[in-house]
Amino acid sequence: MSALSIFTAPTASAVTGAPAEAPVPAARPCGEREIPAVLGADLEVPVRGGRLVPYANLDYAASAPCLEPVSAAVAAALPAYSSVHRGAGYASQLTTARYEQARHTVRAFTGARPGDAVVFTRNTTDATNLLARSLPEGTTVVVFDTEHHASLLPWTDPVRLAPPAFPGEAVRAADAALEGVRGPALLVVTAASNVTGELWPIAALAHIAHRHGARILVDAAQLAPHRPLNLTALDLDYVVFSGHKLYAPFGTGVLVGRPDWLAGAEPYLKGGGAVRAVNGGATAQDPDAPEVEWHDDPEARHEAGTPNVLGAVALAAACDALTATGWNALVREEGRLLGRLRAGLAAVEGVHELSLWGPDHPRVGIVSFVVDGFTAREVAETLSNEYGIGVRDGKFCAHPFVRHLLDAVDTSGCDPDNAVTASAVRASIGIGTTEEHVDRLLAALADLTSRRG
């Protein structure tokens with residue numbers, strides 16, 4: 001089964017947004033399509049001995065570099081940058097139009113339903129917390145222990161499910177957990193793991209949730225940069241993701257989904273923009289007069305204060321750039337590099353890849369591993385200091401899940417001081433990754449493991 005077959009590809013109408021305001025700069029060819037370039041592709045970094053070497057960025061899962069068309073779109077918007085929604089001047093009107101066009105672009109990029117809300121936030125964590133604050137009273141939340149902390153921690157007394165041994169077990173566990181729930185319920189699940197890159201069966205999980213009258217929230221932070229996303233086709237209720245993982249590092253995230261829970265909740269932030277009117281409150285003539293009348297529209301209701309306009313413009317430009325490139329070209333190139341990386345890691349003695357569902361399960365460009373005889377921090381620091389390679393080490397804001405994965409391998413040689421606190425190394429790829437980056441990592445790991453005494 002191909003990685004793309006787990007998801008329903010969006011129709012042409014579902015992904016059509018406004019074109020970027022600036023032309024796409026230099027790009028590199030990939031088959032019949034061109035993949036846009038990233039800023040910093042020519043960055044040089046110091047290594048031991050004082051030499052400068054080209055940087056091999058293999059830390060995309062933390063924050064992806066900025067696409068050149070995203071930078072161009074922000075630069076084009078800056079000269080007329082102004083406040084939004086309430087200004088009568090030309091700059092304010094133009095900035096408002098760009099901001100609201102960004103909302104439409106994100107709606108198209110996610111294949112959202114016509115009535116779905118698109119609320120701009122700071123990041124995925126902020127978007128998830130917004131929804132957590134908007135749940136109807138008495139909502140039961142079901143969440144897997146495999147989740148990123150952003151999806152694991154915002155809920156009050158959630159039902160937490162153990163890591164499933166295979167995808168079908170995830171579906172059965174969700175089914176059993178929702179079986180006896182009375183009242184509103186929400187199933188929370190990732191689309192692609194930030195630890196292993198493995199794709200989750202979100203369409204099947206959405207079906208199970210809806211069969212029990214529950215809703216589903218999908219954390220698409222790691223999916224959105226790598227695969228198409230279509231709320232309508234997948235029948236998802238809510239999705240959240242971040243610009244900084246989608247090649248738009250300007251501090252914006254988004255919550256997309258059904259508007260009713262959001263419209264019925266207290267504003268996430270209370271202040272200007274979220275209100276229709278601030279009155280004097282009850283009087284003898286009108287004892288029921290409210291002091292504050294909040295917007296019913298969930299987008300205005302939960303975006304109080306001056307929004308991050310340039311972040312929204314950047315996010316929309318990234319959505320446009322990926323759509324224009326075409327997912328087939330992006331997935332094909334990523335699959336080629338990911339296959340090269342994983343095969344090379346398997347060939348290095350003492351390197352152990354972490355996986356929940358085995359080596360053949362479809363995944364995006366994320367690989368976590370441990371190296372016999374070295375802590376994860378030692379590996380990451382050596383790769384940086386000696387080879388100019390950037391990777392991530394730690395538990396990746398998914399502590400319960402990483403501990404579970406490490407229990408499946410012998411980590412005693414990876415953390416001699418305390419195997420319980422062992423962590424892993426994560427290499428992640430994306431637009432801008434080259435064969436040389438992958439090969440340099442593999443050669444460096446082979447060199448490192450040869451030093452074991």
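**View 1. The open sheet of seven strands has the order β6-β12-β11-β10-β9-β7-β8, and its pairing is mixed.** Strands pair if DSSP finds at least two bridges between them; helices (H or I, at least four residues) and strands (E, at least two) are DSSP runs, numbered from the N terminus. The edge strands β6 (117-121) and β8 (159-161) each pair on one side only. From one strand to the next the twist averages 20°. The model is predicted: local features need pLDDT of at least 70, side-chain atom pairs count only at pLDDT 80 or more, and totals for chains, interfaces and linings use all residues. Residues are numbered from 1 along each chain as its sequence is written, and side-chain values use heavy atoms, with hydrogens and water left out.

**View 2. Strands β9 (residues 185-190) and β10 (residues 215-219) run parallel and are joined by five bridges.** Leu 187 stands opposite Ile 216 of β10. Helix α2 (residues 90-109) packs on the sheet, where it touches β6, β11 (238-242) and β12 (253-257); contact means heavy atoms within 4.5 Å. The direction of α2 makes about 115° with that of β6. Helix α3 (residues 124-134) also packs on the sheet, touching β6, β9, β10, β11 and β12, and its direction makes about 150° with that of β11. Angles run from 0 to 180 degrees between N-to-C directions, and axes are lines fitted to C-alpha atoms, for helices over the stretch in contact.

**View 3. The open sheet of four strands has the order β15-β16-β19-β18 with antiparallel pairing.** At the edges stand β15 (351-353) and β18, each with a single partner strand, so one side of each is left without a neighbour in the sheet. The twist averages 30° from one strand to the next. Three bridges join β18 to β19 (residues 424-428), and the two run antiparallel; Gly 394 has Ala 424 of β19 as its bridge partner. Helix α11 (residues 327-347) lies across β15, β16 (366-371) and β19, at about 15° to β16.

**View 4. A salt bridge joins the side chains of Arg 392 and Asp 59 (2.8 Å, N to O).** Arg 392 belongs to strand β18 (residues 392-394) and Asp 59 to the loop between β5 (56-57) and α1 (68-77), so the pair ties together parts that are 333 residues apart in sequence. A salt bridge is a side-chain nitrogen of Lys or Arg within 4 Å of a carboxyl oxygen of Asp or Glu; by this rule the count comes to 28.

**View 5. The axes of α11 and α14 come within 10 Å and cross at roughly 10°.** The two helices are therefore roughly parallel, a term for angles under 35 degrees, whereas over 145 counts as roughly antiparallel, 65 to 115 as roughly perpendicular and the rest as oblique. Arg 336, Leu 337, Arg 340, Leu 341, Gly 344 and Leu 345 of α11 meet Glu 435, Val 438, Asp 439, Leu 441, Leu 442 and Leu 445 of α14.

**View 6. Helix α12 (residues 376-387) packs on helix α14 (residues 435-449) at an angle of about 115°, with the axes 11 Å apart.** These helices are therefore roughly perpendicular to each other. The contact is made by Val 379, Thr 382, Leu 383 and Tyr 387 of α12 with Arg 440, Leu 441, Ala 444, Leu 445, Asp 447 and Leu 448 of α14.
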